Each structure stands twice: as C-alpha cells, then as structure tokens.
Amino acid sequence: QEVEKSARMPLFALEMKCDMEGLATLSKDQKSRLNIQVRLQNGDIMKNIWVDPNEEKEVPGSRGTVNVVIKPKGEKKASTIKLVSTGYPTYKEGSDWHTIATLDCRGLSVESWEFIGEDLTATTPGGEEVEVELEDGEYYGYDDKAESETSITGIQTRVSKGSLKKGKK
C-alpha cells in the first residue's frame, strides 16, 4: 500500500547543508520563496521556477489548489507543484543534509534548487539574532559580544526522494 501511495504522490525533498562559524542556527522566513529547476515529462528543462508558499492556484479540471501550475505548449494536462511541508525548519550548526521543504510534483520532477539568500536569520551561540544577507552564496559578519567572526560558507543543495513524516502509531 505504501508503494501505491508514493506512486500517486511523487514527493521531492529539497535539502541543504553548509558550514557555519560563530553561529548556532540558520532560519529561512516561513513566507519566502524557493527557486527550483524542473524537468517536464516531455524532457524539457525549466529554470527559475519560483515556489511561493503564499500563492495558491487552482488546478485546471480539479478542485485542488497548488503553488505552481505549468502548462507547456502542446501538452493536454498541466504540471503542478505543491509545497506540502509546513514551514522551513531551522538548520543547526554541525548538521549534515537537512530537509528544508517537501514538494508534491505532478507531471514533472525537480532537478535542482538554489538556496537563495533572502529572508534569512541566524542566531549566535549566545542567542542573539543576526540578519543574514548572502553575497555570492556566502555570509561574513562579526559577533560583537563574543568578539569573533561569523560566517556561512560552502552552501550545498540537493534533491532527494521526499516523504511526509507520520505521527507515532
């Protein structure tokens, strides 16, 4: 039964990891967008597809809503993307690969995604919040209280087969 369900609900997990110095956590604002690259069923690649958690679109010929609808020329059915995870979890210093979001995709697959440096906040080990603005995929700052440098470097992203966490039975 689990195989049937996953065939009906193709889920993709957007994962990231990075190196942080002088910072304890990194958070993405819950309303910020995700930038992905997808492959349509006809093999075409589409870049810079923005998934906005605040945007809901009706699915043609259905009662459901999704975040993105793509209807390529010559295709009878629209491809859709729905953000099914709730919020973006906080990345903790020292973490390995960490799932940021899970997408339900119909008629396409997610090839890659980019961790965009908008709406980011970090905390120092002392609990002080720091607004983070990535420049060329990196951040460098200074923690006045600890009198030490802070940084976020080596950001890597990947897409893996997603799953929705179930409650305990």
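## Close-up views of a predicted chain

**View 1. Glutamate 55 pairs with lysine 57 in a salt bridge.** Their closest N and O atoms lie 3.3 Å apart. A salt bridge here is a side-chain nitrogen of Lys or Arg within 4 Å of a carboxyl oxygen of Asp or Glu. Glutamate 55 is partly exposed, at 33% relative accessible area. Lysine 57 is also partly exposed, at 33%. The classes are buried (under 20% relative accessible area), exposed (over 50%) and partly exposed (in between), found with a 1.4 Å probe and protein chains only. The model is predicted: local features need pLDDT of at least 70, side-chain atom pairs count only at pLDDT 80 or more, and totals for chains, interfaces and linings use all residues. Residues are numbered from 1 along each chain as its sequence is written, and side-chain values use heavy atoms, leaving out hydrogens and water.

**View 2. Aspartate 104 and arginine 106 form a salt bridge.** The closest N and O atoms are 2.8 Å apart. Aspartate 104 is buried, with a relative accessible area of 9%. Arginine 106 is partly exposed, at 36%. Side chains of opposite charge can pair when their charged atoms come close.

**View 3. A salt bridge joins arginine 158 to glutamate 15.** The N to O distance is 2.5 Å. Strands (E, at least two residues) and helices (H or I, at least four) are DSSP runs, numbered from the N terminus. Arginine 158 is partly exposed, at 36% relative accessibility. Glutamate 15 is buried, at 10%. The salt bridge count comes to five.

**View 4. Serine 151 lies in strand 15 (residues 148-161).** At 10% relative accessibility, serine 151 is buried. What does serine 151 contact, leaving aside its neighbours within four places in sequence? The partners are Asp19, Met20, Glu21, Leu23, Tyr139 and Tyr140. Contact means heavy atoms within 4.5 Å.

**View 5. Alanine 146 is in the loop between strand 14 (139-143) and strand 15.** Alanine 146 is partly exposed, with a relative accessible area of 48%. Glutamine 156 is 10 residues away along the chain. The C-alpha atoms of alanine 146 and glutamine 156 are separated by 27 Å.

**View 6. A patch of negative charge gathers on the surface.** Its members are Glu129, Glu131, Glu133, Glu135, Asp136 and Glu138. Patch residues have over 30% relative accessible area and no salt bridge; like charges are joined within 9 Å, and nonpolar side chains (Val, Leu, Ile, Met, Phe, Trp, Tyr) within 5 Å. Glutamate 131 belongs to strand 13 (residues 129-132). Glutamate 131 is exposed, at 72% relative accessible area.

View 7. The chain has one helix and 15 strands. The C-alpha atoms fill a box of roughly 60 × 40 × 25 Å, taken along the principal axes. Of the 169 residues, 36% are buried. Among contacts between residues at least 6 apart in sequence, 59% join residues at least 24 apart.

Note on methods:
Accessible areas come from the Shrake-Rupley method with a 1.4 Å probe; for residues, only the protein chains shown count as cover. Lys and Arg count as positive and Asp and Glu as negative; His and the chain ends are not counted. The place of a charge is taken as NZ of Lys, CZ of Arg, CG of Asp or CD of Glu.
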